[in-house]
Every structure is written in structure tokens, then in C-alpha cells.
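Please open the model in your viewer and follow the selections below in order.

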Amino acid sequence: MTRALKLAARGMYTTTPNPRVGCVLVRDGAVIGEGWHERAGEPHAEAHALAAAGAASRGATAYVTLEPCSHHGRTPPCANALIEAGVKRVVCAMQDPNPLVAGKGLAALRAAGIETEPGLLEDEARELNIGFVSRMTRGRPWVRMKIAASLDGRTALANGRSQWITGEAARRDGHKWRARACALVTGIGTVREDDPRLTVRGVRTSRQPLRVVVDSRLETPHHARIVAPGTLIATATDDASRSAALRERGAEVVVVSHGPKVDLRALLDELQRRALNEVHVEGGSGLNGALLQAGLVDELLLYVAPLVLGNAARGMFALPVLEELQGARRFRLHEVKRVGEDLRIIARAEV
């Protein structure tokens, strides 16, 4: 199963909106076939493994990181393929949270006389598909917020300069997290100050995530580098002329308003409707604070550099003043790792 999980991770940047899945076929103690799901619309992991094993699949055990599917989508059901190949045992890491499957694949295998064993390395499999699980069980993507900060929690100098707080290794690592996301979200303030492209660089991937700008008053300059095909401008302003200028450059404009502001929860609903699993936020303190206040941040991805910028420098979140510690937003540490000269901290919201 460990090998199957490693295979599944090869689809880290390409399988969206589908889950990342790996499969290993074993017979008489030897691996006879393996595969992974490479991209949506192409054969699933089980199909690749069965093709590699051929006739030797009969009587084999399949180790697969997710319950074999039981429905017809763009590809045939994997449960049927395993039955037809004569596999005698299927060990899967976790049940598929997709309501179209959700135990039906395992039930079909058992009905055909195949032994099933779910739950092996389930936590690891869930981590690999945390966004897919979130979308299937909660109806919204997994929201990961990336912040680069100093030891005293500052993200930029008072004048806005922030290049570069963290070192090159941390910046390279950050692009890997960008690459696995389905959408990259930033705010109008970041667009005005930094004019970012918000693209994945330095990572071998065949796709770029959807770029999203939260821009309540539709102030994104039509000449900004981010304004291009593959960019969505989320606004609260129905301004035909400004929208036309942005659309002329290839951007898409959608109105998701809550009064004068973008409705962030409605924006996530829109991204869920587009079958996006993981949303990666790289914004300023305003957007960061608004998402945190709305309870929409699932995970903080913090890169902490060993330097101090001082009280006048910019902070991570624009939030109301707290009078009591009980009102603090609480997270639990999930992982702490050194990346180059910096620390990478992954913290998850307490539920």
C-alpha cells in the first residue's frame, strides 16, 4: 500500500478534479502490475495495473489507495474490471467519499466473491486527497492559506516591500503547493502592489491552476499581468465597461456579492461548482483576515524566516481587536519542517 500511495502521488498535479489513486497487483508475493491515475478522462489506476499484469491478474491481490469506482463516468467502473480479471482480494486504503460510490464498489466486489479489506493506511490516503474529500463531504474545497513571514509575524515592510522574506528553498517549495492546487486566490491589493502572474513556476506540470482575484470594486487594471485566459475576477460590482475591458484580455468576471463586498462563501460555492478540490490563497492581510473571520480557512501554510521586521511592518491578518483570548481563532500544529534556512509550519483549524 505504501508503494500504491507513492504511485498515486505521481498524479499530484494532474488528476483534478478526480482523486489521486495508485494500485499495485501482487501474486505469490511478487508485484505483477502497477499503475496510477494520471489525469481526468484517462484510465484509472486499476486499469493500468490490470493491463500491466495481463492474465496473471487472476488470483491476485489488488492494493488500491481508494475504493474502486462502481459507476460509469468518463471511464468504465474499476470494480467491474477487477471482477472480470479474476482478482481474488482487494485491499483499499479508504472508502470513496463520492456519493456515487461510497461503499458500492466494495459491495460489488463482495457480491462477486472477492475478499475486501478497507482501512489500510487510511490516514495517508486521506491526506493525499484532502481536497477531494472536502468537496465530497462538505460541499466546498479545502482552503489552504500560504503566508511568508518573519519571526515576529510580519509579511512586508511598512512600504509594502516583501521580496524576499524567505529563502530560495522555501520559495521553490511554495510553488509545489501552488502546483497541487486547483485554484490560486489573491486580492486586489496584492495585484495593485505586486502585479503578480500567480502562476506555477519551476515545477514540471502540464496545467496551471485557475487564478482568482477577489476584487469587490472591480479595480483590477486591464493591463495587469494576471489578466489573461485562465483568470477569474470575483467582484461585487456589475460594471459593464470595466468587465468588458477585462474580458477582452481573456479574463472571466463573475459577480458574487454580499452588499459592497465579495461574498467569500459564495465564491467558494462557485469554485465547488467548478469541481475544484484545493484552493490555495496568497493574499494580503485584508483578504487573509476576511477569510479567517468567515471561518473559511482550513489550513495555514506558513514559511517563517529567521529575521525580525518590527512593529511598523505589515502583519498577516487584518482582524478586529480582541478583548479576551477565548475569541482567538485556534489552530493545531500538523507539521513543522525546516526548508532551507526557514521553517515550514502547517497548522489546521480546530473544528
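Begin by selecting Gln326, which is exposed, with a relative accessible area of 67%; buried means under 20%, exposed over 50%, and partly exposed in between (1.4 Å probe, protein chains only). This is a predicted model, in which local features need pLDDT of at least 70, side-chain atom pairs count only at pLDDT 80 or more, and totals for chains, interfaces and linings use all residues. Residues are numbered from 1 along each chain as its sequence is written, and side-chain values use heavy atoms, with hydrogens and water left out.

Gln326 sits in the loop between strand S16 (314–315) and strand S17 (331–339); helices (H or I, at least four residues) and strands (E, at least two) are DSSP runs, numbered from the N terminus.

Next, select strand S1 (residues 22–27) and strand S2 (residues 30–36), which run antiparallel and are joined by six bridges; two strands pair if DSSP finds at least two bridges between them. Gly22 stands opposite Trp36 in S2, and Arg27 opposite Ala30 in S2. The two strands form a hairpin with two residues between them, and Asp28 in the turn has a positive phi of about 55 degrees.

Now extend the selection to the open sheet of five strands, in the order S2-S1-S3-S4-S5, with mixed pairing. S2 and strand S5 (115–118) stand at the edges, each with a single partner strand, so one side of each is left without a neighbour in the sheet.

Finally, select helix H2 (residues 45–53), which lies across S1, S2 and strand S3 (61–64).

Key. Contact = heavy atoms within 4.5 Å. Axes fitted to C-alpha atoms, helices over the stretch in contact; angles between N-to-C directions.
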